[in-house]
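Here is a walk through one protein chain.

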Amino acid sequence: MNFEEHFRGALDQLKTEGNYRIFAEVERKCGAFPKVRHFHEDGEQEVTVWCSNDYLGMGHHPTVVDSMVRAVQSCGTGAGGTRNISGNNHLHRILEAELADLHGKDAALLFTSGYVSNWAALSTLGARIPNAVILSDEKNHASMIEGIRHSRADKVIWRHNDWRDLDRKLKAVGDRPKIVAFESVYSMDGDIAPMREIVEVAEAHGALTYLDEVHAVGMYGPRGGGISEERGLAERIDLIEGTLGKAYGVVGGYITGSDALCDFIRSFASGFIFTTALPPAIAAAATASIRHLKESAEERAAQKDRVARLRARLDAHGIPHMANDSHIIPVMIGDPVKCRMISDILMREWGVYVQPINYPTVAKGMERLRITPGPLHSDADIDHLVTALSALWKQCAIAHAVA
Ligand code: PLP
């Protein structure tokens, strides 16, 4: 086989479809967020980031930064091993206790990312619970889908957020161990699961509940425990999974649950066992961030205010955006080439960075700009974004009328 030809052919196809991924090269400057430097072919420019998952700007928070710096100075850089072989640091255990407390669970277990935590936990549950069936919401994240696939357990897909469909499918599965896997905030449409109904249906069928709160931890609930905390449901959910890389501004993933459940995953999950532990300084920074957001509602309130303001300004300028109850504002474009082009013009001519979201992150025809306002976006930033989008919208409307 001519491997090079094969690689080039596949890439050319992506380019023809408009789905080839181009990463913007940026440098975050501590204290300046959401302004970053953008490096491009012709030099550098300052741009405002509108698509960051550092939702609350905690990656630049002085307490979080200080914790990491102090931990590096005291513990060095890496963990030095897997958790099993010399890498189990005191700071990991402190963070796990903090996470267990955040979700009101007995225990927590850290992973190197949210992706790995889903992949490892679901593949272990599916593989190690005899005769298990995993019932997965049709819009679950790739990390959950891959974990389920790797488990080789039987899988049943239920219609997105449709608890009645889940009920029917649980009934059809009959008397087997059942795991219901779903998310709280779906990151591309920004919609929120009908969690109470899902939990009640799962309980009625004796199913284990697996909830991904990746886009909600730090963001919702009085202490940042996510939608399950906000709705008083955390206690009724068996396993809550989250990330330290989005609202907490660091990196890493975790699960929380009963002692036995976490010990089970700790003991059998290859994605936990056979990899170097997170650096202790990451654990220190994540602990500081979680502690801060347990106490302070200021960042969450400011973020909600920014989201409401941007939505109102988009409405006032007739720029359509998907309605939802979360912090995620999808502006639908519906064409990969146009989406890329709008994103490029925003960056180049307006100093606005919104990454185009194309297939396979969303279905073909559902291409969009995904805007995530944060507490550090000023009124002037919002006005500038809306002016830029309005100008582009008018140009698109004119191009449409002429065509
Ligand atoms: N779960 C969901 C729903 C996600 O959207 C993501 C990433 O965006 C992940 C898990 C993975 O989390 P991490 O970025 O920490 O790997």
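In the protein chain, 71% of the contacts with a separation of 6 or more join residues 24 or more positions apart. A contact means heavy atoms within 4.5 Å. This is a predicted model: local features need pLDDT of at least 70, side-chain atom pairs count only at pLDDT 80 or more, and totals for chains, interfaces and linings use all residues. Residues are numbered from 1 along each chain as its sequence is written, and side-chain values use heavy atoms, leaving out hydrogens and water.

Now take the overall form. The C-alpha trace spans about 60 × 55 × 55 Å along its principal axes. Of the 403 residues, 52% are buried, meaning under 20% relative accessible area with a 1.4 Å probe, protein chains only. The accessible surface (Shrake-Rupley method, 1.4 Å probe) comes to about 18200 Å². Carbon and sulfur atoms hold 53% of that surface.

Next, the secondary structure. The chain has 15 helices and 14 strands. Both are DSSP runs, numbered from the N terminus: helices are H or I with at least four residues, strands are E with at least two.

Two strands pair if DSSP finds at least two bridges between them. β11 pairs with β14 (residues 368–371) over 4 bridges, in the antiparallel sense. Where does Val-331 find its bridge partner in β14? The partner is Leu-369.

Conventions. Buried means under 20% relative accessible area, exposed over 50%, partly exposed in between (1.4 Å probe, protein chains only).
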